[in-house]
Amino acid sequence: MSQIELHLNGESLTVDVEPGMPLLWVLRDVLGLTGTKYSCGIGVCGCCTVLIDGDAEQSCRIPVSEVRGREITTIEGLSVDGSHPIQQAWIAEQVAQCGYCQPGQIMAAVALLRRNPHPSPDEIRQAMDRVLCRCGTYPRILKAIQRAAEGALA
Amino acid sequence: MSEERLTRRDFLKVSAAAGVGIVISIYLPGCLQADRTPAATTEPAAALAPNLFVTISTDGQVTITCPRPDMGQGTRTALPMILAEELGADWASVQVKQADADPAYGDQQTGGSTSIQVYYDPLRRAGAVGRALLIAAAAQLWSAPPESCTARNGLVTNRETGEQFSFGELVETAMTLPVPNPVAAGLSDPSEFTLIGTTVPRFDAPDIVTGRAVFGMDVRAQGVLYAAVARCPSFGGRLAGYDDAAALAVPGVVRVVEIQCGMDGTTPTRGVAVVARDTWSAIQGRSALRVDWEEGDGASLDSAQIEGQLRERAAIEATEGRLVAYYRVPYYSHAPMEPINSIAWVHEDRCEIWAPTQNPQLLRDRIAQTYHFSEVVLHVPLVGGGFGRRLEFANTPGGNLPAMHLTEAVNISREVGAPVHVVWTRDDDIHFDYFQPLSVTRMTATLGNINSIQERRLDAAGYAVPTGALRAVTNIPQAFAHESFMDEYAAATGQDPVEVRRQVLQPRARTVLDLAAEQAGWGSPLPPGRGRGAAIHSTWGVSPCAEVAEVSVDADGRVRVERVVAAIDCGVAINPDLVRAQVEGGIIFGLSTTLKGEITIVGGRVQQSNFHDYPLLGMSESPEIEVHIVESTEDPTGIGEMANPPISAAVANAIFAATGKRVRRLPIRPEDILSAA
């Protein structure tokens, strides 16, 4: 076990964990932040996507020791009340079906718009290809990201 | 809907509950429970159990207890809409509660696309009775005739005077009045619906987008321990021995226990559970475990051989004037994004369970019957995808083997004396699924006689591979074979594929096909390398769904589905946006079974383990999708399993239109297109 300082959702905190434990499980089982989801555990489905220094990363593959001191944002840190433009767009387009992958989808979309505020449909499809949805909500994810990007233009 | 049913004395009960308000209990007769769902019961005793509870409280809140789990179809929103429409409730004051597993709710199984069709009429009746009761209360308070009062948006209005009462203000008076007759209460004409037929956002959406939604994986029981279980990797094998020293040395691991994974009296298999303070340590501990397995009689199973055996049994000789074709559908895994998991907490002779399931009472009853607990309480959190996996139907030669995950959780909790969350990794989920069975379907027809078309499907049954139900179940191979063969018949007889179908379809289905064809521009020219294919299917005999797929095929046989135009007639669309969502999602789900992963078995072992070798359709491959809903005032039928069956044939037919190559195997591989005749 070792003491690791994390910058998480705008706060600093210290956790006492195995340094090799993936960030995903520190978030879920140690800190009780269950919005970030487990699904594949090998970095191929994207359900566990969080932002690290603003970029989308798959938290199931990153040992917690590697994110020491870096800015981590999870779905819980996006807004306290669901008011983030991406969250609003997700509700406006009624994207979710079962909803399990959606925190990962939303975090990937936030990272995409941060790097590319006005992506083309193809750029959206390519960037979002890393997050799988078994319910098949892709057409609405596309629309929601376009809606959020248009809102940013206005 | 039959009046006879409504004359049953016990159809609906209204009671006054102190501190709550009006409670409307609805009793669904057994005949309403869809007879095709395997667990449906027609026992009179079950028929008299109330299935739904609605309360109207003195603060005006209307609460409906949703009896069935919602895996994303939106029933938790659509069922309250039906009630609120007839009640005249203010939608903003309607809320939904999820029912625990309880026979009081009747059949709680979410399967067969039945929730809306089963509850449509009873919920309308309940709403109408509630409305009549509230109007009677207002009429009494005003000394006005009830006919002069209307209920809308949570208010009863006296049309003569303009006076108004809110529902909440009327509850205490209503509680003292006799209950109106459900038949006499009268229903709105569907043409006057103001809430049904509109797009209402789902109740769960705000919690989902903020990460607050609690799925099974997210339940946190106090003092919970996490467990990963090692199970025999080959079918029919057994545990020979294990060494837990290395597993116990993993930080966070607290116990290693040998347990029974299957139910007593079914197919007992023993496994080794690693119990830890967190999920990661449990998984790490399991990796460190040394286990010896003894292979059993399933160790020689091979899916290619199974296919060969089915193919041999299906074979008939081709004769002059007879068209014969064989279609193969592989084993599939369900792979919902939320892996299989459940929590059990055994204390003394009581057991509390949290299980994301489609079948609450099956799980609860199995546990209660197997272990003789004095009480079993099963809570249903949100379900991160089901697709039939969480119905827990598992056919094996040794019997039905349901709910292994929950059996494991109960057995481990009994050993360690704490609540235990059993988490299946994705590897476990793919490996130990109850697979959609591999099948070979033979289609035959006498050319020139379209009514001579016959199908014979052979499913891989009787092997030591547990099989279950995947979204739409047998409709997947049926639609693939039948709708591909219709195209083959059209080609063999020189007819247009849509015209051929029109000759045999019932009027409602024909309208659906015509709508999809028209919207897709059927018959209009396409660039070289592109083709259009049509298919139509009515899953479980209802809600005809037609799809026209437009695909492009490159020189290497790689297929891209560019566009899909779908049409569906599901009767009244309670919430059309939910219907569209299910059709879009069904098409994408069906494109995964059409073009992506399959489960293969070699040496008695499943060869796939995760999304890298059992891939799903990704967003970059997702087509443009258009959904058209036929306007209807007919009673609603299902939507959950309608859109995935037709897409496989629509794509195969489009590939034929683009290339002249006919593929009869799913999933469709480039090499199969290149080598096809």
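Biologist: What area is buried between chain A and chain B?
Modeller: About 4400 Å², of which carbon and sulfur atoms give 60%; buried area is the accessible area (1.4 Å probe) that two parts lose on being put together, summed over both. This is a predicted model, in which local features need pLDDT of at least 70 and side-chain atom pairs pLDDT 80 or more, while totals for chains, interfaces and linings use all residues. Residues are numbered from 1 along each chain as its sequence is written, chains are lettered from A in the order in which they are written, and side-chain values use heavy atoms, without hydrogens and water.

Biologist: How many residues are in contact there?
Modeller: 49 residues of chain A are in contact with 58 residues of chain B, contact meaning heavy atoms within 4.5 Å.

Biologist: And how many salt bridges cross the interface?
Modeller: The rule finds 5, requiring a side-chain nitrogen of Lys or Arg within 4 Å of a carboxyl oxygen of Asp or Glu. One of the salt bridges joins Lys37(A) and Asp218(B), with the closest N and O atoms 2.5 Å apart.

Biologist: Changing topic, which peptide bond is cis?
Modeller: The bond joining Leu666(B) and Pro667(B) is cis, with omega about -15°. Pro667(B) lies in the loop between helix H17 (644-659) and helix H18 (670-675) of chain B; helices are DSSP runs (H or I, at least four residues) and strands likewise (E, at least two), numbered from the N terminus.

Biologist: What is phi of His372(B)?
Modeller: Phi is near 55°, a positive value in a residue other than glycine. His372(B) is placed in the loop between helix H10 (360-371) and strand E17 (375-379) of chain B.
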